[in-house]
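Keep the sequence and the 3D view at hand.

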Amino acid sequence: MSEPRRLPVIRGRVQCTEKESVPVAQCRLCVHSASVVIGGRELPSPARAYCSRCRDAPDIDMAKVEAILCDDKQEEGFRSIANIIS
């Protein structure tokens with residue numbers, strides 16, 4: 001499996017796909033969000049932590065996120081975890 005794409009946060013947004021920039025807060029609920037980077041440290045993304053039942057993951061302040069590690073290789077874009085857990 002290839003490495004996730006590192007998407008830098010610029011003015012509160014990430015370049016989700018080639019054509020779509022989204023607010024970083026949206027990554028909190030995206031199935032493709034593998035990890036977040038805060039202070040140079042990689043932490044489990046809120047969506048991934050929820051899906052893996054890793055409920056002891058730290059509360060993530062999305063305003064402090066420097067980058068998102070995204071495993072969306074197909075350029076699908078945002079996909080909510082609600083579609084998976086419902």
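Q: Where does Ser80 lie?
A: This model is predicted. In it, strand S6 covers 67-70 and helix H2 covers 82-85. Ser80 lies in the loop between S6 and H2.

Q: Is Ser80 buried or exposed?
A: A residue counts as buried under 20% relative accessible area. Ser80 has 16% relative accessibility, so Ser80 is buried.

Q: Which residues does Ser80 touch, not counting residues up to four places away in sequence?
A: Sequence neighbours up to four places away are set aside here. What is left is a pair, Leu29 and Val31.

Q: How many helices and strands does the protein have, and in what pattern?
A: The protein has two helices and six strands. Read along the sequence, they follow the pattern β-β-β-β-β-α-β-α.

Q: What share of the residues counts as buried?
A: The protein has 86 residues. Those that count as buried make up 36%.

Q: What share of the contacts with a separation of 6 or more joins residues 24 or more positions apart?
A: Take the contacts in the protein with a separation of 6 or more. Residues 24 or more positions apart account for 63% of them.

Q: How much space lies in the largest cavity?
A: The structure holds one cavity of 30 Å³ or more. The space in the largest cavity is about 70 Å³.

Q: How far is the nearest cysteine sulfur from that of Cys70, which is in no disulfide?
A: For Cys70, the nearest cysteine sulfur is that of Cys16. The distance to it is 6.1 Å.

Q: Is Cys70 buried or exposed?
A: The relative accessibility of Cys70 is 6%. The cut-off for buried is under 20%. Cys70 therefore counts as buried.

Q: How many residues does the largest nonpolar core have?
A: Val14, Val24, Val36, Ile60, Met62, Val65 and Ile68 have the most contacts inside this core. The core as a whole has 13 residues.

Q: Which residues does Val65 touch, not counting residues up to four places away in sequence?
A: Val65 is one of the residues with the most contacts inside the largest nonpolar core. With close sequence neighbours left out, Val65 touches Val9, Val24, Val36, Val37, Ile38 and Ile60.

Q: Is His32 buried or exposed?
A: His32 sits in the loop between strand S3 (21-23) and strand S4 (33-38). Beyond its neighbours within four places in sequence, its contacts include Arg48, Cys70, Asp72 and Glu76. Its relative accessible area is 8%, so His32 is buried.

Q: Is Glu18 buried or exposed?
A: Glu18 is found in the loop between strand S2 (13-15) and S3. At 68% relative accessibility, Glu18 counts as exposed.

Q: What distance separates the C-alpha atoms of Glu18 and Glu75?
A: Along the chain, Glu18 and Glu75 are 57 residues apart. Their C-alpha atoms are separated by 7.6 Å.

Note on methods
Residues numbered from 1 in each chain as written. Predicted model: local features only at pLDDT ≥ 70, side-chain atom pairs only at ≥ 80, totals over all residues. Heavy atoms only, no water. Helix = DSSP H or I, 4+ residues; strand = E, 2+ residues; numbered from the N terminus. Buried < 20%, exposed > 50% of the residue type's maximum accessible area, 1.4 Å probe, protein only. Contact = heavy atoms within 4.5 Å. 1 Å grid on protein atoms, 1.4 Å probe; cavity = no way out; pocket = protein on both sides within 12 Å on 5 of 7 lines; lining within 4 Å. Points joined across faces, edges and corners; volume = space filled by probe spheres on them. Disulfide = S-S within 2.5 Å. Core = buried A, V, L, I, M, F, W, Y, C linked by side-chain atoms within 4.5 Å.
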